[in-house]
Amino acid sequence: MRPFAYTKVETLAEAVDALVAAGPQARLLAGGTTLYDLMKLEIETPPAVVDVHRVADLAGFDTSGDRELVFGAGARMADVAEDGRLRRDYPALSESLWRAASQQLRNMATLGGNLLQRTRCPYFRGGEPFACNKRRPGSGCAAREGLDRSHALFGGSEACIAVYPGDWATALVAFDAEVDVLGPGGARSLPLVRLHREPGDTPQHEHTLEPGEIILRVRVPATPAGRGSAYLKIRDRESYAFAVVSAAVALTLDGDGRVDECRIAVGGVATRPWRVPAAEQALRGNEITEASARAAGEAAFADARPGRDNAFKIELGTRTVADAVRLAGSRAVA
Amino acid sequence: MAATASTGVGSAHELDLSCTVNGEPVRVRVDTRESLLDLLRERLGVTGPKKGCDHGQCGACTVHLDGRRVVSCLTPAVQVSGADVTTIEGVAGPDGELHPLQQAFIDHDALQCGYCTPGQIMSGLACLAEGHAGDDDEVREYMSGNLCRCGAYAGIVAAVRAVAEQGR
């Protein structure tokens with residue numbers, strides 16, 4: 001691991017000051033489960049690290065609000081996953097957390113850090129000699145000619161097809177979450193769907209935060225569709241693995257049992273958290289049947305652009321969305 | 001106050017820290033790059049936690065940090081300042097009598113080579129304390145961060161469940 005200047009801070013003001021002083025290449029350290037791991041691999045080589053894991057103002061979360069749920073960026077994944085109200089009223093959000101990683105990692109990892117978790121693309125993590133435009137801009141993309149089973153069907157570019165691996169952000173994007181950030185210019189908010197960037201020609205730029213900005217919290221507008229929600233995650237093994245495909249679905253039913261509010265996103269198949277409005281439109285106004293759930297799944301994957309080894313995810317993803325729709329429907333209240 | 005490693009401790013890349021390990025106070029100067037696992041094994045002689053993958057994927061290095069299970073390989077040592085660290089060495093009673101979960105691992109043949117066992121037991125203790133040992137499936141889910149290449153999983157589930165049943 002390369003040496004770095006280490007600064008531990010205890011307040012948000014100190015964090016912003018330290019981050020600005022440390023320069024644009026500095027990194028925030030919270031749970032460490034992504035950053036420290038990649039520093040060991042020398043994929044991340046920050047000259048300076050600002051440790052925010054003891055910043056008390058980041059740590060809380062509140063799921064009791066009538067208008068919105070509030071999740072501090074420093075709250076631990078395990079604590080939030082266990083929250084009783086979240087499990088009952090927003091099961092998809094709880095499931096997206098406890099189906100991620102292991103309990104050890106969930107005890108360490110924070111909600112804010114998890115949003116900016118970096119890709120698991122083996123050519124990115126593998127380092128030299130593999131070409132990777134994300135790791136070394138201009139070097140090429142080894143996945144394009146290599147093994148692309150785990151790579152994106154949506155949002156890829158000539159430069160990069162690495163998948164965004166997170167579950168939490170995939171569920172959040174279905175719920176129209178907002179992100180509050182603090183930087184040297186003050187505080188601002190942005191929709192979570194605008195936090196992550198598609199790779200385009202610059203896959204090294206993965207998010208829209210400015211240098212010196214820190215994620216403070218995520219806010220989720222309260223919705224009755226939370227009760228009728230599910231996060232279904234299909235993995236190569238039953239637990240403790242990244243998604244091969246996942247689906248977040250949240251819906252309400254009207255008095256006739258037809259889908260009213262409808263929110264669907266898919267994970268493990270896109271370069272950023274991926275909402276699928278076409279699937280929502282296909283389902284809205286229909287009763288939930290095997291056929292209508294299947295149609296929603298087909299709509300979700302209609303625009304998929306597979307490579308050589310990942311075309312199987314079109315059928316797998318179609319079925320995953322369909323199963324998540326039926327599970328969410330079974331939980332929904334009319 | 002912000003604490004910068006480059007002020008007051010003589011080196012830009014070292015930091016003094018205090019913590020406890022299995023109840024014993026520890027004061028040590030650490031390299032800011034050092035993991036808790038390396039601190040325990042290489043500097044403090046606490047070799048129960050094992051280095052399997054060193055990337056948070058196998059669970060062999062699991063310890064408790066202020067009562068919560070973590071992987072010590074992905075815990076920067078500088079982050080344990082002021083914390084209580086418990087390893088497998090801190091689990092048995094004062095006279096060396098085995099913890100019921102340690103005994104259950106023996107009784108249920110929950111190990112073969114034993115390399116993953118310290119991490120399995122630290123994770124199993126947490127699994128019990130968290131209330132995640134209600135049935136076999138829940139134990140499998142909440143023990144999934146601990147790999148066993150010998151494949152002693154059936155015995156591990158039985159051992160954790162046996163202690164959960166004793167505690168009811």
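**Architecture of chains A and B in the predicted model**

From the N terminus on, the elements of chain B follow the order β-β-β-α-β-β-β-α-α-α-α. The model described here is predicted. In total, chain B contains 5 helices and 6 strands. The C-alpha atoms of this chain occupy a box of roughly 50 × 30 × 30 Å along the principal axes. The radius of gyration of chain B is 17 Å, which agrees with the value near 15 Å that a compact globule of 168 residues would have. Of the 168 residues of chain B, 46% are classed as buried. Among the contacts in chain B with a separation of 6 or more, 55% are made by residues 24 or more positions apart.

Chain A is described by a domain assignment that gives domain 1 (1–57) and domain 2 (225–331). The C-alpha centres of domain 1 and domain 2 of chain A are 36 Å apart.

Chain A also contains an open sheet of 5 strands, with antiparallel pairing and the order β4-β5-β8-β6-β7. The edges of this sheet are formed by β4 (61–62) and β7 (186–191) of chain A, each of which pairs on one side only. Within the sheet, strand β5 (residues 68–72) of chain A pairs with strand β8 (residues 214–221) of chain A in the antiparallel sense, over 5 bridges. In this pairing, Glu68(A) has Pro221(A) as its bridge partner in β8(A).

The two chains meet at an interface in which 25 residues of chain A are in contact with 30 residues of chain B. On the side of chain A that touches chain B, at least two residues each are supplied by β1 (5–8), α1 (12–22), α2 (35–40) and α6 (103–108) of chain A. The most is given by α6(A), with 5 residues. By residue class, the side of chain A that touches chain B comprises 11 nonpolar, 9 polar and 5 charged residues.

The largest nonpolar core has 164 residues, of which Val50(A), Ile264(A), Ala296(A) and Val160(B) touch the most other members. When its neighbours within four places in sequence are left aside, Val50(A) is in contact with Thr7(A), Val9(A), Ala15(A), Ala18(A), Leu19(A), Ala22(A), Ala26(A), Leu28(A) and Leu29(A).

Notes:
Residues numbered from 1 in each chain as written. Chains lettered and ligands numbered in written order. Predicted model: local features only at pLDDT ≥ 70, side-chain atom pairs only at ≥ 80, totals over all residues. Domains from an automatic or database assignment. Helix = DSSP H or I, 4+ residues; strand = E, 2+ residues; numbered from the N terminus. Rg over C-alpha atoms; globule rule 2.2 N^0.38 Å. Buried ≥ 20, exposed ≤ 12 C-beta atoms within 10 Å, placed from the backbone. Contact = placed C-beta atoms within 7 Å. Nonpolar A, V, L, I, M, F, W, Y, C, P; charged D, E, K, R; others polar. Core = buried A, V, L, I, M, F, W, Y, C linked by C-beta atoms within 7 Å. Pairing = 2+ DSSP bridges.
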